[in-house]
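Trainee: I would like to learn how to read helix packing and cores. Where do we start?
Mentor: Let us open the model and go feature by feature.

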Amino acid sequence: MTRLLIIADDFTGALDTGVQFAARGAKTCVATDPGYDFSQAGADIQVMVLDAETRHLTPEAAYKTVFRAVKDALAAGFRYIYKKTDSALRGNVGAELTAVLDAAGADRLAFLPALPKMGRITRNGVHYIDSVPVADSVFGQDPFEPVTASSLEEIIAAQSKRPAVLHRLGKAAESRPGIQVYDAETDGDLLRIGRSLGREGLTLSAGCAGFAAVLAELLELNGPPPGRPELVPALFVACGSVNPVTLRQMETAEAAGFPRVHLTPEQKLEPGWLETPDCAAAAAAWLEAAGEEKRFILDVNDPPGRDDTAAYAREHRLSTEDLRVRISSQLGRLVQRLLDGGLDATLLCTGGDTLLALTRAVGAAELLPVCELDAGAVLTEFVYQGKPYHIISKSGGFGGADLFVRLARSLNAGNQ
């Protein structure tokens, strides 16, 4: 049986890639422990997706994590390795691709970072987001991991001594060892390149969800297609993303009638607040509103025109990393508390940190991706206290402005 390991650097990336295989019926499992023992993977698992959580690590730490995962997976009998990278090239791209090559003792790896259906293409070795070089896009202003270069050669060279070998569309590239970077502007380009590589050339590969879909087809990883489960006709959004794309989605949803609560600095940064009477009262009010409206947004962003969080951080001498960790952890625990209080809804989490914090809060070490409800919006199932829940995950930068409204409509949630 073909066995594939996908190593992602954050949780939403793990899910939006894993679902490319699960939707075809391949037995797919997503593990959230970077130290996962691959020898314990079920014999029926065709695709194992590891959320290695390397996005925010140093390049050296990311290299070690990926190197160990590849070594262990190969020893456990996995034949194919796919290094899932961020579709906007955030994180430790060069270090992690190098780790795959070093751990496998190989000198070539095919890297196809394009995700055409989301407007992310590679042309002449430069990566674009909606026709804008990635470093000049919103991802160049990301507060946690800004992308500072648009050239794949430059991005890889910043963390790797392995050369980037560029393969431009319609032009023959020199055959030499290194990280083989392929231009692609359409899904057809990705499929054509994948076919030209053949199975041997796909032993080690990298990219985002775009090429993962091609990989699923070429490796014939499939089975009985899953059906969409019956979902609770209510949508509860837990927003941990600061990406402008998600902000527009929330504004559009609010204008369409979604109740929206902006968490105060105390509510999202002070763990002790969760044990206060104020928290109990707020949770009760949110549960009531969510139950009545069947649509609700809990948002970690400040209201427009306010900088309460920045002022709180200055006063308490919190770094940007402190804010990232504290906010995601607090939001995860807060959603757990709402579940304990009887929240009955299909959940929607934006941002990998938020989703991981929630799954850790509820003790869900493995998740089963089901299908995509929309481009980049992945439906996943987990079990908490013996009850199955469905959660929709999405990267902060994915989706149109009306995404939340359309998802609510598909669930028959609230007044449409």
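Trainee: At roughly what angle do the axes of H11 and helix H12 cross?
Mentor: First, a caution: this is a predicted model. Now the case. The axes of H11 and H12 (residues 352-361) cross at roughly 50 degrees. They come within 8 Å. An angle between 35 and 65 degrees falls in the oblique class, so H11 is oblique to H12. The crossing is right-handed.

Trainee: Which residues of H11 and H12 meet?
Mentor: From H11, take Arg324, Ser328, Ser329, Leu331, Gly332, Arg333, Val335 and Gln336. From H12, take Asp353, Thr354, Ala357, Leu358 and Ala361. By class, the contact of H11 with H12 holds 5 nonpolar, 5 polar and 3 charged residues.

Trainee: Why do such lists skip along the sequence?
Mentor: An α-helix has 3.6 residues a turn, so residues three or four places apart point the same way.

Trainee: How do helix H5 and helix H6 pack?
Mentor: H5 covers residues 187-201, and H6 covers residues 209-218. Their angle is about 50 degrees, and their axes are 10 Å apart. That makes H5 oblique to H6. H5 passes H6 in a right-handed crossing. On the H5 side, the contact uses Leu190, Leu191, Gly194, Arg195, Leu197 and Arg199. H6 brings Gly210, Phe211, Val214, Glu217 and Leu218. The classes here are 6 nonpolar, 2 polar and 3 charged.

Trainee: Now the cores. Which residues touch the most other members of the largest nonpolar core?
Mentor: Phe21 and Leu298 do, in a core of 73 residues. Helix H11 (residues 320-340) gives the most to this core, with 7 residues.

Trainee: What is Leu298 in contact with, leaving aside neighbours within four places in sequence?
Mentor: Its partners include Phe236, Val237, Ala238 and Cys239. Val261, Leu263 and Trp286 are also among them.

Trainee: One more helix. Which residues of H13 are buried?
Mentor: Look along residues 403-411. Leu403, Phe404, Val405, Leu407, Ala408 and Leu411 are buried.

Trainee: What do the buried residues of H13 pack against?
Mentor: They pack against helix H7 (244-255) and several strands. Those strands are S12 (235-239), S14 (295-299), S15 (346-350), S16 (366-374) and S18 (387-394).

Trainee: What follows H13?
Mentor: Asn412 does, and its phi is positive, near 60 degrees.

Notes. Residues numbered from 1 in each chain as written. Predicted model: local features only at pLDDT ≥ 70, side-chain atom pairs only at ≥ 80, totals over all residues. Heavy atoms only, no water. Buried < 20%, exposed > 50% of the residue type's maximum accessible area, 1.4 Å probe, protein only. Helix = DSSP H or I, 4+ residues; strand = E, 2+ residues; numbered from the N terminus. Contact = heavy atoms within 4.5 Å. Axes fitted to C-alpha atoms, helices over the stretch in contact; angles between N-to-C directions. Parallel < 35°, antiparallel > 145°, perpendicular 65-115°, else oblique. Left-handed = near helix turned anticlockwise from the far one by under 90°. Nonpolar A, V, L, I, M, F, W, Y, C, P; charged D, E, K, R; others polar. Core = buried A, V, L, I, M, F, W, Y, C linked by side-chain atoms within 4.5 Å.
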